[in-house]
Amino acid sequence: MSRPPLPPFTRETAAQKARMAEDAWNSRDPVRVSLAYTEDSRWRNRSEFFQGRQAIVEFLTRKWAKEHDYRLIKDLWGFDQNRIAVRFQYEWHDDAGQWHRSYGNEQWEFDEHGLMRRREASINDIAIKESERRFHWLAPGPRPADVAGLSENPL
């Protein structure tokens with residue numbers, strides 16, 4: 001299976017890959033998201049370490065059962081050959097209705113077919129008031145083109 005754009009990345013194709021990942025994650029469909037990764041993809045997400053597509057599906061299923069009304073923005077931070085770094089923010093609320101904004105960075109490594117074989121994510125959460133939310137598009141679904149990325153509205 002091939003998942004263009006393929007490495008080596010240019011600024012344009014790396015940004016395209018980041019936006020494709022954002023759109024998939026905003027679908028909140030664990031299986032759809034998992035198909036962007038190799039069968040044996042290795043992940044570090046916060047303090048969790050796991051490997052493989054099935055583990056990715058299980059992780060994302062748990063994540064989105066807890067993080068309600070999830071909306072995410074990813075922005076390209078850097079790239080080189082088969083690696084991409086992104087920064088991201090997402091908003092969500094818990095079962096009690098408390099809203100959070102999560103800030104983070106990811107490092108991605110791709111195989112020659114454009115599938116991600118390694119993902120390392122560092123993430124911090126802050127509690128926010130509902131009135132402090134910034135991501136209001138209809139979800140699940142992709143961020144509309146008229147909603148600015150993080151470069152235009154970083155904090």
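Where in the structure is the place of L35? In this predicted model, L35 sits in the loop that runs between α2 (30-34) and β1, and together with M1 and V31 it makes a nonpolar surface patch of about 280 Å².

**Nonpolar core**

- The largest nonpolar core has 28 residues, and among these W25, I84 and W108 touch the most other members.
- At least two residues of this core come from each of α1 (11-27), β1 (37-45), α3 (53-66), β3 (68-80), β4 (83-93), β5 (99-110) and β6 (116-128).
- Once its neighbours within four places in sequence are left aside, W25 is in contact with V33, Y37, W43, L60, K63, W64, Y70, L72, K74 and R119.

**Nonpolar surface patch**

- The members of the patch of about 280 Å² are M1, V31 and L35.
- L35 counts as partly exposed because its relative accessibility is 34%, a value that falls between the limits of 20% for buried and 50% for exposed.

**A buried lysine**

- K17, which is found in helix α1, is buried and yet has no salt bridge.
- For K17, the nearest side chain of opposite charge is that of D111, at a distance of 7.6 Å, whereas a salt bridge would need the charged atoms to lie within 4 Å.

**Cis peptide bonds**

- The peptide bond leading from P7 to P8 is cis, with omega near 5°, and P8 has its place in the segment before α1.
- A cis peptide bond also joins A139 and P140, where omega is about 0°, and P140 is found in the segment after β6.

- Because its relative accessibility is 29%, R46 counts as partly exposed.
- Q81 likewise has a positive phi of about 55° without being a glycine, and Q81 lies in the loop between β3 and β4.
- With a relative accessible area of 49%, Q81 is partly exposed, since the class of exposed residues begins only over 50%.

Definitions and conventions: Residues numbered from 1 in each chain as written. Predicted model: local features only at pLDDT ≥ 70, side-chain atom pairs only at ≥ 80, totals over all residues. Heavy atoms only, no water. Core = buried A, V, L, I, M, F, W, Y, C linked by side-chain atoms within 4.5 Å. Buried < 20%, exposed > 50% of the residue type's maximum accessible area, 1.4 Å probe, protein only. Helix = DSSP H or I, 4+ residues; strand = E, 2+ residues; numbered from the N terminus. Contact = heavy atoms within 4.5 Å. Patch = residues over 30% accessible without salt bridge, like charges linked within 9 Å, V, L, I, M, F, W, Y side chains within 5 Å. Areas by Shrake-Rupley, 256 points an atom, 1.4 Å probe, with all protein chains shown as cover. Lys, Arg positive; Asp, Glu negative; His and termini not counted.
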